[in-house]
Amino acid sequence: MKKIYTCIICPGGCEIETEIKDKRILSLTGNTCDKGADYVRQEVTAPARTIATSVRVKGGVLPLASVRLTRPIPKDMILSVMEQIKKISLTAPVLSGTVILKGVCGLDSDVITTRNVRAVSE
Amino acid sequence: MEQKDAVIIGGGPAGLAAALELYFQGIQDILILEREDHLGGILRQCIHDGFGLGRFKKSLSGPEYAQAFIDEIEKYKISYRTGTAVMEVSEDHRITAISREGVIVCQARSVILAMGCKERSRGALGIPGERPAGVFTAGTAQAYMNLYNRMPAKEVIILGSGDIGMIMARRLTLEGAHVQAVFEIMPHPGGLPRNIIQCLEDYHIPLYLSHTVTGIHGDSRLTGVTISRVDERLRPIPGTEKEYACDTLILSAGLIPDNQLSAEAGVVLDPHTKGAVVDEHYQTSIPGVFAAGNVLHVHDLVDFVSIEAEALASEAAAYIRGVELAPCQLEIRAGKGIGHTIPQRVSGKKDFLLSLRVGSPYKDCSIVVRQGDRVVWRRKMKKVIPAEMIQFTIKAEQIQKQEELEVSVE
(Lines give C-alpha, C1' and ligand atoms only; values in the text may rest on other atoms or scores of the structure.)
Protein backbone atom coordinates (compact mmCIF):
# COMPACT_ATOMS: atom_id res chain seq x y z
CA MET A 1 0.00 0.00 0.00
CA LYS A 2 1.30 3.45 -0.91
CA LYS A 3 0.91 6.13 1.72
CA ILE A 4 2.19 9.69 2.11
CA TYR A 5 3.22 10.78 5.60
CA THR A 6 3.70 14.44 6.58
CA CYS A 7 6.64 14.55 8.96
CA ILE A 8 5.90 16.48 12.17
CA ILE A 9 9.45 16.75 13.49
CA CYS A 10 10.19 20.22 12.10
CA PRO A 11 8.31 22.99 10.24
CA GLY A 12 9.64 21.71 6.94
CA GLY A 13 6.84 19.12 7.03
CA CYS A 14 8.41 16.81 4.43
CA GLU A 15 5.92 14.73 2.52
CA ILE A 16 7.39 11.27 2.75
CA GLU A 17 6.16 8.71 0.25
CA THR A 18 6.12 5.16 1.46
CA GLU A 19 5.14 1.73 0.36
CA ILE A 20 3.97 -0.39 3.26
CA LYS A 21 3.04 -4.04 3.53
CA ASP A 22 1.94 -5.59 6.84
CA LYS A 23 3.44 -2.70 8.85
CA ARG A 24 6.75 -3.18 7.04
CA ILE A 25 8.22 -0.31 5.06
CA LEU A 26 9.23 -1.47 1.59
CA SER A 27 10.26 1.97 0.33
CA LEU A 28 10.58 5.46 1.77
CA THR A 29 11.40 8.62 -0.20
CA GLY A 30 11.03 12.38 0.19
CA ASN A 31 12.57 12.85 3.62
CA THR A 32 15.35 15.43 3.78
CA CYS A 33 16.90 14.09 6.99
CA ASP A 34 17.19 10.87 9.02
CA LYS A 35 14.69 12.08 11.59
CA GLY A 36 12.02 11.92 8.89
CA ALA A 37 12.73 8.24 8.26
CA ASP A 38 12.69 7.54 12.01
CA TYR A 39 9.38 9.38 12.32
CA VAL A 40 7.73 7.31 9.59
CA ARG A 41 9.06 4.03 11.05
CA GLN A 42 7.57 4.98 14.41
CA GLU A 43 4.33 6.19 12.82
CA VAL A 44 3.85 2.94 10.90
CA THR A 45 4.43 0.65 13.88
CA ALA A 46 3.36 2.64 16.96
CA PRO A 47 2.52 6.33 16.54
CA ALA A 48 3.82 8.39 19.46
CA ARG A 49 3.33 11.99 20.57
CA THR A 50 4.42 14.26 23.38
CA ILE A 51 1.85 16.38 25.18
CA ALA A 52 1.99 19.54 27.24
CA THR A 53 -0.49 20.81 29.80
CA SER A 54 -0.49 22.54 33.19
CA VAL A 55 -0.93 21.56 36.82
CA ARG A 56 -2.36 23.65 39.64
CA VAL A 57 -0.02 25.45 42.02
CA LYS A 58 -0.97 26.44 45.56
CA GLY A 59 0.51 29.59 47.05
CA GLY A 60 2.25 30.71 43.89
CA VAL A 61 2.39 34.03 42.05
CA LEU A 62 0.76 32.12 39.18
CA PRO A 63 -2.10 29.61 39.51
CA LEU A 64 -0.49 27.10 37.12
CA ALA A 65 2.82 25.53 36.27
CA SER A 66 3.16 24.25 32.73
CA VAL A 67 4.35 20.66 32.30
CA ARG A 68 5.41 18.40 29.44
CA LEU A 69 6.49 14.84 28.83
CA THR A 70 10.16 13.98 28.51
CA ARG A 71 9.54 11.39 25.79
CA PRO A 72 6.75 10.68 23.31
CA ILE A 73 4.07 8.25 24.45
CA PRO A 74 1.79 6.00 22.38
CA LYS A 75 -0.91 8.12 20.80
CA ASP A 76 -3.74 6.08 22.31
CA MET A 77 -2.40 6.76 25.82
CA ILE A 78 -2.72 10.56 25.57
CA LEU A 79 -6.08 10.84 27.34
CA SER A 80 -5.09 8.40 30.13
CA VAL A 81 -1.91 10.40 30.72
CA MET A 82 -3.91 13.64 30.80
CA GLU A 83 -6.14 12.09 33.50
CA GLN A 84 -3.09 11.28 35.66
CA ILE A 85 -1.58 14.75 35.22
CA LYS A 86 -4.88 16.41 36.15
CA LYS A 87 -4.73 14.80 39.61
CA ILE A 88 -1.47 16.57 40.45
CA SER A 89 -1.32 19.75 42.49
CA LEU A 90 1.95 21.42 43.48
CA THR A 91 2.89 23.91 46.16
CA ALA A 92 5.00 26.95 45.31
CA PRO A 93 7.86 27.51 44.82
CA VAL A 94 8.03 25.35 41.70
CA LEU A 95 11.25 24.98 39.76
CA SER A 96 11.26 24.33 36.02
CA GLY A 97 12.62 20.91 35.09
CA THR A 98 11.36 19.10 38.20
CA VAL A 99 10.10 15.56 37.62
CA ILE A 100 6.62 15.44 39.14
CA LEU A 101 5.49 12.06 37.82
CA LYS A 102 8.04 9.43 36.90
CA GLY A 103 7.06 6.83 34.31
CA VAL A 104 3.53 8.14 33.88
CA CYS A 105 0.99 5.29 33.37
CA GLY A 106 3.90 2.83 33.46
CA LEU A 107 5.35 4.37 30.29
CA ASP A 108 8.96 5.29 29.62
CA SER A 109 8.23 9.02 29.94
CA ASP A 110 8.25 11.47 32.85
CA VAL A 111 6.12 14.53 33.49
CA ILE A 112 8.34 17.55 34.17
CA THR A 113 7.54 21.15 35.03
CA THR A 114 8.51 23.75 32.45
CA ARG A 115 8.00 26.95 34.40
CA ASN A 116 9.32 28.52 37.60
CA VAL A 117 6.55 29.67 39.92
CA ARG A 118 7.63 31.74 42.91
CA ALA A 119 5.75 31.53 46.18
CA VAL A 120 3.55 34.54 46.96
CA SER A 121 5.54 35.50 50.07
CA GLU A 122 8.96 35.26 48.37
CA MET B 1 16.72 61.71 32.41
CA GLU B 2 18.36 58.31 32.08
CA GLN B 3 20.91 57.92 29.28
CA LYS B 4 21.43 54.48 27.78
CA ASP B 5 23.48 53.06 24.95
CA ALA B 6 20.57 50.86 23.94
CA VAL B 7 16.94 50.71 25.00
CA ILE B 8 15.11 47.58 23.93
CA ILE B 9 11.34 47.79 23.70
CA GLY B 10 9.89 44.37 24.48
CA GLY B 11 11.18 41.56 26.70
CA GLY B 12 10.08 38.65 24.51
CA PRO B 13 12.37 36.35 22.55
CA ALA B 14 13.60 39.10 20.19
CA GLY B 15 14.32 41.62 22.93
CA LEU B 16 16.06 39.11 25.18
CA ALA B 17 18.27 37.76 22.38
CA ALA B 18 19.16 41.29 21.24
CA ALA B 19 20.06 42.33 24.80
CA LEU B 20 22.32 39.34 25.35
CA GLU B 21 24.10 39.73 22.03
CA LEU B 22 24.66 43.45 22.63
CA TYR B 23 26.11 42.55 26.00
CA PHE B 24 28.45 39.96 24.48
CA GLN B 25 29.56 42.54 21.91
CA GLY B 26 30.60 44.88 24.67
CA ILE B 27 27.55 47.15 24.82
CA GLN B 28 26.50 46.77 28.42
CA ASP B 29 24.64 49.98 29.15
CA ILE B 30 21.32 48.46 28.13
CA LEU B 31 17.74 48.67 29.37
CA ILE B 32 14.91 46.31 28.42
CA LEU B 33 11.38 47.68 28.85
CA GLU B 34 8.59 45.11 29.14
CA ARG B 35 4.94 45.99 29.66
CA GLU B 36 3.95 42.65 31.22
CA ASP B 37 4.98 41.75 34.77
CA HIS B 38 7.32 39.00 33.55
CA LEU B 39 9.94 38.70 30.82
CA GLY B 40 9.39 36.09 28.11
CA GLY B 41 6.70 37.59 25.90
CA ILE B 42 4.24 35.31 24.17
CA LEU B 43 6.40 32.26 24.91
CA ARG B 44 5.06 32.31 28.47
CA GLN B 45 1.68 31.08 27.29
CA CYS B 46 2.97 28.72 24.58
CA ILE B 47 3.28 25.68 26.83
CA HIS B 48 3.37 23.16 23.96
CA ASP B 49 6.75 21.79 22.94
CA GLY B 50 8.57 22.12 19.63
CA PHE B 51 10.63 25.20 20.41
CA GLY B 52 14.41 25.39 20.13
CA LEU B 53 15.11 22.42 17.85
CA GLY B 54 17.65 24.59 16.03
CA ARG B 55 19.31 26.37 18.94
CA PHE B 56 19.08 23.85 21.76
CA LYS B 57 18.81 20.67 19.66
CA LYS B 58 15.82 19.59 21.70
CA SER B 59 12.11 20.17 21.77
CA LEU B 60 11.37 22.66 24.54
CA SER B 61 8.16 24.31 25.67
CA GLY B 62 7.83 28.07 25.25
CA PRO B 63 8.41 28.88 28.95
CA GLU B 64 11.60 26.78 28.95
CA TYR B 65 12.91 28.48 25.82
CA ALA B 66 12.27 31.89 27.36
CA GLN B 67 13.77 30.89 30.71
CA ALA B 68 17.05 29.88 29.04
CA PHE B 69 17.41 33.50 27.90
CA ILE B 70 16.06 35.01 31.14
CA ASP B 71 18.63 33.01 33.15
CA GLU B 72 21.40 34.60 31.06
CA ILE B 73 19.91 38.07 31.44
CA GLU B 74 19.94 37.57 35.23
CA LYS B 75 23.43 36.04 35.17
CA TYR B 76 24.94 39.07 33.43
CA LYS B 77 22.76 41.48 35.42
CA ILE B 78 21.37 43.13 32.30
CA SER B 79 18.87 45.70 33.50
CA TYR B 80 15.21 45.43 32.69
CA ARG B 81 11.95 46.90 33.91
CA THR B 82 8.77 44.85 33.78
CA GLY B 83 5.29 46.34 34.18
CA THR B 84 6.59 49.24 32.11
CA ALA B 85 4.72 50.23 28.99
CA VAL B 86 6.40 52.46 26.42
CA MET B 87 4.04 55.25 25.42
CA GLU B 88 6.19 57.10 22.94
CA VAL B 89 9.39 56.84 20.96
CA SER B 90 10.62 60.01 19.31
CA GLU B 91 12.68 60.37 16.18
CA ASP B 92 15.64 61.52 18.29
CA HIS B 93 15.57 58.33 20.41
CA ARG B 94 13.78 59.65 23.45
CA ILE B 95 11.59 57.02 25.07
CA THR B 96 8.68 57.76 27.39
CA ALA B 97 7.26 54.90 29.42
CA ILE B 98 4.86 54.49 32.32
CA SER B 99 4.96 52.04 35.19
CA ARG B 100 3.36 51.79 38.62
CA GLU B 101 6.11 54.10 39.87
CA GLY B 102 5.28 56.79 37.35
CA VAL B 103 6.73 58.17 34.15
CA ILE B 104 10.18 57.22 32.93
CA VAL B 105 11.98 59.21 30.25
CA CYS B 106 15.06 57.78 28.69
CA GLN B 107 17.48 58.98 26.04
CA ALA B 108 19.01 56.16 24.01
CA ARG B 109 21.85 56.15 21.50
CA SER B 110 20.06 53.27 19.82
CA VAL B 111 16.46 52.08 20.05
CA ILE B 112 15.65 48.45 19.42
CA LEU B 113 12.08 47.67 18.45
CA ALA B 114 11.14 44.18 19.66
CA MET B 115 7.44 44.52 20.40
CA GLY B 116 6.34 41.38 18.61
CA CYS B 117 2.98 41.06 16.90
CA LYS B 118 -0.73 41.09 17.64
CA GLU B 119 -3.61 38.97 16.46
CA ARG B 120 -6.16 39.95 13.88
CA SER B 121 -9.33 40.58 15.89
CA ARG B 122 -12.99 40.18 15.02
CA GLY B 123 -13.12 43.89 14.18
CA ALA B 124 -10.14 43.60 11.87
CA LEU B 125 -11.75 40.62 10.15
CA GLY B 126 -15.04 42.45 9.75
CA ILE B 127 -17.28 39.52 10.67
CA PRO B 128 -20.92 40.65 10.72
CA GLY B 129 -23.45 39.63 13.35
CA GLU B 130 -24.32 40.16 16.97
CA ARG B 131 -21.80 40.87 19.72
CA PRO B 132 -22.13 38.14 22.32
CA ALA B 133 -19.37 36.95 24.66
CA GLY B 134 -17.50 33.85 23.53
CA VAL B 135 -15.58 35.22 20.57
CA PHE B 136 -11.86 35.09 21.36
CA THR B 137 -8.63 35.29 19.47
CA ALA B 138 -6.62 32.08 19.82
CA GLY B 139 -4.01 33.88 21.89
CA THR B 140 -6.61 35.19 24.33
CA ALA B 141 -8.04 31.70 24.82
CA GLN B 142 -4.48 30.44 25.23
CA ALA B 143 -3.76 33.01 27.95
CA TYR B 144 -7.00 32.11 29.78
CA MET B 145 -6.12 28.42 29.79
CA ASN B 146 -2.35 28.42 30.18
CA LEU B 147 -1.77 31.44 32.41
CA TYR B 148 -4.98 32.09 34.35
CA ASN B 149 -6.42 28.58 34.73
CA ARG B 150 -9.75 29.46 33.15
CA MET B 151 -11.58 27.19 30.71
CA PRO B 152 -13.17 29.48 28.12
CA ALA B 153 -15.17 27.00 26.02
CA LYS B 154 -17.27 23.86 25.71
CA GLU B 155 -18.46 23.71 22.08
CA VAL B 156 -15.94 25.31 19.78
CA ILE B 157 -15.64 26.49 16.19
CA ILE B 158 -12.29 27.81 15.02
CA LEU B 159 -11.97 30.35 12.22
CA GLY B 160 -8.57 30.42 10.57
CA SER B 161 -5.96 27.71 10.36
CA GLY B 162 -3.06 29.64 11.83
CA ASP B 163 -0.69 27.66 14.02
CA ILE B 164 -2.01 29.05 17.31
CA GLY B 165 -5.58 28.19 16.33
CA MET B 166 -4.63 24.59 15.59
CA ILE B 167 -2.56 24.34 18.78
CA MET B 168 -5.58 25.64 20.71
CA ALA B 169 -7.81 23.08 19.00
CA ARG B 170 -5.63 20.38 20.56
CA ARG B 171 -5.33 22.17 23.89
CA LEU B 172 -9.12 22.67 24.19
CA THR B 173 -9.72 19.03 23.25
CA LEU B 174 -7.26 17.77 25.87
CA GLU B 175 -9.09 19.84 28.49
CA GLY B 176 -12.46 18.37 27.58
CA ALA B 177 -13.95 20.85 25.12
CA HIS B 178 -15.44 19.67 21.84
CA VAL B 179 -13.82 21.32 18.82
CA GLN B 180 -16.23 20.80 15.94
CA ALA B 181 -14.16 22.09 13.04
CA VAL B 182 -11.61 24.58 11.76
CA PHE B 183 -12.67 26.81 8.85
CA GLU B 184 -10.13 28.58 6.65
CA ILE B 185 -11.08 31.25 4.12
CA MET B 186 -8.04 30.61 1.92
CA PRO B 187 -7.77 27.56 -0.35
CA HIS B 188 -4.64 26.52 1.57
CA PRO B 189 -3.91 26.11 5.31
CA GLY B 190 -2.46 29.06 7.20
CA GLY B 191 -0.33 27.04 9.59
CA LEU B 192 2.37 24.44 9.34
CA PRO B 193 1.73 20.88 8.08
CA ARG B 194 2.98 19.38 11.33
CA ASN B 195 0.24 21.14 13.25
CA ILE B 196 -2.44 19.91 10.86
CA ILE B 197 -1.30 16.36 11.69
CA GLN B 198 -0.59 16.55 15.42
CA CYS B 199 -3.25 19.09 16.44
CA LEU B 200 -6.17 18.37 14.09
CA GLU B 201 -5.91 14.93 12.45
CA ASP B 202 -4.77 13.24 15.68
CA TYR B 203 -7.98 14.44 17.34
CA HIS B 204 -10.25 13.92 14.31
CA ILE B 205 -10.95 17.65 13.97
CA PRO B 206 -11.91 18.45 10.37
CA LEU B 207 -10.34 21.37 8.47
CA TYR B 208 -12.49 23.00 5.80
CA LEU B 209 -10.66 25.23 3.31
CA SER B 210 -12.40 28.05 1.38
CA HIS B 211 -14.97 28.58 4.15
CA THR B 212 -15.58 31.50 6.48
CA VAL B 213 -17.89 32.76 9.21
CA THR B 214 -20.65 34.97 7.83
CA GLY B 215 -22.80 35.30 10.92
CA ILE B 216 -22.40 35.40 14.68
CA HIS B 217 -25.44 34.68 16.82
CA GLY B 218 -26.25 35.03 20.49
CA ASP B 219 -27.48 37.50 23.02
CA SER B 220 -25.23 37.43 26.07
CA ARG B 221 -23.21 34.34 25.10
CA LEU B 222 -22.51 33.00 21.63
CA THR B 223 -25.11 30.40 20.56
CA GLY B 224 -23.92 29.66 17.06
CA VAL B 225 -22.25 30.80 13.86
CA THR B 226 -23.14 30.75 10.19
CA ILE B 227 -20.49 29.29 7.91
CA SER B 228 -20.39 29.91 4.16
CA ARG B 229 -18.24 28.58 1.37
CA VAL B 230 -16.27 31.27 -0.48
CA ASP B 231 -15.42 31.64 -4.16
CA GLU B 232 -11.94 32.06 -5.61
CA ARG B 233 -12.07 35.78 -4.79
CA LEU B 234 -12.89 34.91 -1.16
CA ARG B 235 -16.48 36.17 -1.43
CA PRO B 236 -19.13 34.12 0.42
CA ILE B 237 -21.29 32.12 -1.99
CA PRO B 238 -25.03 32.73 -1.35
CA GLY B 239 -26.95 29.54 -0.67
CA THR B 240 -24.01 27.71 0.94
CA GLU B 241 -24.77 28.92 4.49
CA LYS B 242 -24.73 26.31 7.24
CA GLU B 243 -25.52 26.86 10.92
CA TYR B 244 -23.30 25.49 13.70
CA ALA B 245 -24.33 25.60 17.35
CA CYS B 246 -21.40 26.57 19.58
CA ASP B 247 -20.59 28.65 22.65
CA THR B 248 -17.15 29.74 21.50
CA LEU B 249 -15.59 31.03 18.30
CA ILE B 250 -11.81 31.09 18.26
CA LEU B 251 -10.13 33.37 15.73
CA SER B 252 -6.76 32.39 14.33
CA ALA B 253 -6.68 34.45 11.18
CA GLY B 254 -3.28 36.00 11.06
CA LEU B 255 -0.77 37.99 13.04
CA ILE B 256 0.20 41.60 12.46
CA PRO B 257 3.47 43.18 13.62
CA ASP B 258 2.63 45.59 16.44
CA ASN B 259 3.98 48.88 15.14
CA GLN B 260 1.88 51.59 16.70
CA LEU B 261 4.92 53.01 18.49
CA SER B 262 7.09 52.73 15.39
CA ALA B 263 4.53 54.46 13.18
CA GLU B 264 4.09 57.30 15.67
CA ALA B 265 7.86 57.71 15.78
CA GLY B 266 7.83 58.17 12.03
CA VAL B 267 9.33 54.81 11.06
CA VAL B 268 8.40 53.94 7.47
CA LEU B 269 6.35 50.72 7.38
CA ASP B 270 6.05 48.13 4.62
CA PRO B 271 2.40 47.65 3.54
CA HIS B 272 3.01 43.91 3.01
CA THR B 273 4.82 42.94 6.23
CA LYS B 274 3.13 45.72 8.31
CA GLY B 275 6.57 45.98 9.90
CA ALA B 276 9.33 48.51 9.36
CA VAL B 277 11.17 48.82 6.09
CA VAL B 278 14.71 47.83 7.05
CA ASP B 279 18.10 47.62 5.42
CA GLU B 280 20.59 44.77 5.77
CA HIS B 281 21.58 46.19 9.19
CA TYR B 282 17.97 45.79 10.43
CA GLN B 283 17.96 49.57 10.64
CA THR B 284 14.65 51.31 9.99
CA SER B 285 14.14 54.59 8.13
CA ILE B 286 15.22 56.39 11.33
CA PRO B 287 18.99 56.07 11.84
CA GLY B 288 19.81 54.24 15.08
CA VAL B 289 16.36 52.67 15.35
CA PHE B 290 16.49 48.94 14.62
CA ALA B 291 13.79 46.26 14.42
CA ALA B 292 13.81 42.45 14.56
CA GLY B 293 11.56 39.53 15.37
CA ASN B 294 7.81 39.51 14.93
CA VAL B 295 7.58 43.32 15.05
CA LEU B 296 9.51 43.31 11.77
CA HIS B 297 7.78 40.39 10.05
CA VAL B 298 5.87 37.43 11.45
CA HIS B 299 8.14 34.41 11.88
CA ASP B 300 7.19 30.74 11.92
CA LEU B 301 9.88 29.68 14.40
CA VAL B 302 11.22 31.35 17.51
CA ASP B 303 14.73 30.10 16.67
CA PHE B 304 14.70 32.44 13.68
CA VAL B 305 13.48 35.32 15.85
CA SER B 306 16.44 34.85 18.19
CA ILE B 307 18.93 34.62 15.32
CA GLU B 308 17.51 37.73 13.67
CA ALA B 309 17.65 39.69 16.92
CA GLU B 310 21.27 38.66 17.39
CA ALA B 311 22.12 39.79 13.88
CA LEU B 312 20.41 43.10 14.66
CA ALA B 313 22.46 43.42 17.86
CA SER B 314 25.75 43.11 15.97
CA GLU B 315 24.72 45.97 13.71
CA ALA B 316 23.34 48.09 16.55
CA ALA B 317 26.57 47.53 18.52
CA ALA B 318 28.57 48.85 15.58
CA TYR B 319 26.25 51.86 15.34
CA ILE B 320 26.62 52.59 19.06
CA ARG B 321 30.42 52.37 18.78
CA GLY B 322 30.23 55.01 16.05
CA VAL B 323 30.99 52.74 13.09
CA GLU B 324 29.29 54.00 9.97
CA LEU B 325 26.93 51.33 8.63
CA ALA B 326 27.22 50.87 4.86
CA PRO B 327 24.55 52.94 3.10
CA CYS B 328 21.87 50.76 1.50
CA GLN B 329 20.66 52.11 -1.83
CA LEU B 330 19.64 48.89 -3.56
CA GLU B 331 15.99 48.11 -3.21
CA ILE B 332 14.75 44.51 -3.02
CA ARG B 333 11.38 44.07 -4.66
CA ALA B 334 8.96 41.21 -4.01
CA GLY B 335 8.16 39.95 -7.52
CA LYS B 336 5.80 37.27 -8.78
CA GLY B 337 4.68 34.79 -6.12
CA ILE B 338 6.58 36.48 -3.28
CA GLY B 339 4.59 37.94 -0.38
CA HIS B 340 7.40 40.02 1.09
CA THR B 341 11.13 40.13 1.72
CA ILE B 342 13.32 41.25 4.61
CA PRO B 343 15.46 43.35 4.26
CA GLN B 344 13.95 45.68 1.71
CA ARG B 345 17.22 47.56 1.06
CA VAL B 346 20.85 46.39 0.86
CA SER B 347 24.27 47.89 0.20
CA GLY B 348 25.38 45.25 -2.27
CA LYS B 349 28.76 45.26 -0.53
CA LYS B 350 28.09 42.76 2.20
CA ASP B 351 26.63 39.24 2.46
CA PHE B 352 23.08 39.35 3.76
CA LEU B 353 20.34 36.99 4.89
CA LEU B 354 17.21 37.26 2.78
CA SER B 355 13.97 36.20 4.50
CA LEU B 356 10.78 35.80 2.54
CA ARG B 357 7.39 34.20 2.33
CA VAL B 358 5.58 33.03 -0.75
CA GLY B 359 2.04 34.26 -1.44
CA SER B 360 0.59 30.82 -2.18
CA PRO B 361 1.85 27.21 -2.27
CA TYR B 362 4.07 26.02 -5.14
CA LYS B 363 5.59 22.65 -6.02
CA ASP B 364 8.81 21.99 -7.96
CA CYS B 365 9.64 25.66 -8.36
CA SER B 366 12.67 27.93 -8.11
CA ILE B 367 13.20 31.02 -6.00
CA VAL B 368 15.12 33.43 -8.21
CA VAL B 369 16.85 36.72 -7.39
CA ARG B 370 17.53 38.94 -10.39
CA GLN B 371 19.12 42.26 -11.18
CA GLY B 372 17.52 43.22 -14.47
CA ASP B 373 17.96 40.19 -16.72
CA ARG B 374 20.87 38.77 -14.77
CA VAL B 375 20.22 35.92 -12.33
CA VAL B 376 22.00 36.69 -9.05
CA TRP B 377 20.86 33.62 -7.19
CA ARG B 378 18.57 30.66 -7.79
CA ARG B 379 17.43 27.72 -5.72
CA LYS B 380 15.20 24.82 -6.70
CA MET B 381 12.53 24.05 -4.11
CA LYS B 382 10.47 20.87 -3.98
CA LYS B 383 7.67 22.52 -2.04
CA VAL B 384 7.07 26.03 -0.71
CA ILE B 385 4.11 27.11 1.43
CA PRO B 386 3.06 30.52 2.81
CA ALA B 387 3.14 29.13 6.37
CA GLU B 388 6.89 28.61 6.18
CA MET B 389 9.46 31.39 6.22
CA ILE B 390 12.24 30.85 3.69
CA GLN B 391 15.74 32.17 4.32
CA PHE B 392 18.97 32.11 2.36
CA THR B 393 22.23 34.03 2.27
CA ILE B 394 23.11 36.18 -0.73
CA LYS B 395 26.85 36.75 -1.10
CA ALA B 396 28.20 40.21 -1.83
CA GLU B 397 30.17 38.95 -4.84
CA GLN B 398 26.91 37.76 -6.44
CA ILE B 399 25.74 41.35 -6.65
CA GLN B 400 27.75 42.92 -9.42
CA LYS B 401 26.04 46.18 -10.14
CA GLN B 402 24.19 48.95 -8.36
CA GLU B 403 20.72 48.03 -9.48
CA GLU B 404 17.55 46.97 -7.67
CA LEU B 405 16.98 43.29 -6.96
CA GLU B 406 13.79 41.38 -7.63
CA VAL B 407 12.86 38.08 -5.99
CA SER B 408 10.30 35.81 -7.64
CA VAL B 409 8.97 32.26 -7.78
CA GLU B 410 9.30 30.52 -11.14
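In strand S8 of chain B, B:Gln107 is the bridge partner of B:Gln3. The model is predicted, with local features requiring pLDDT of at least 70 and side-chain atom pairs counted only at pLDDT 80 or more, while totals for chains, interfaces and linings use all residues. Residues are numbered from 1 along each chain as its sequence is written, chains are lettered from A and ligands numbered from 1 in the order in which they are written, and side-chain values use heavy atoms, without hydrogens and water.

Strands are DSSP runs (E, at least two residues) numbered from the N terminus, and two of them pair if DSSP finds at least two bridges between them. S1(B), residues 2–9, runs parallel to S8(B), residues 102–113, and is joined to S8(B) by 7 bridges. S7(B), residues 94–99, is antiparallel to S8(B), with 6 bridges; B:Arg94 is bridged to B:Gln107. A hairpin with 2 residues between the strands is formed by S7(B) and S8(B). S19(B), residues 289–291, runs parallel to S8(B) through 3 bridges, and B:Val289 stands opposite B:Val111.

Over all chains, 11 aromatic pairs were found. Rings of Phe, Tyr and Trp (its six-membered ring) pair if their centres lie within 6.5 Å, and planes under 30 degrees apart count as stacked, over 60 as edge-to-face and the rest as tilted. The rings of B:Phe183 and B:Tyr208 are stacked, because their centres are 5.2 Å apart and their planes at 15°. B:Phe183 lies in S12(B) and B:Tyr208 in S13(B), 25 residues apart. B:Phe183 is buried at 1% relative accessibility (buried means under 20%, exposed over 50%, partly exposed in between; 1.4 Å probe, protein chains only), whereas B:Tyr208 is partly exposed at 35%.

How values were computed. Helices (H or I, at least four residues) and strands (E, at least two) are DSSP runs, numbered from the N terminus.
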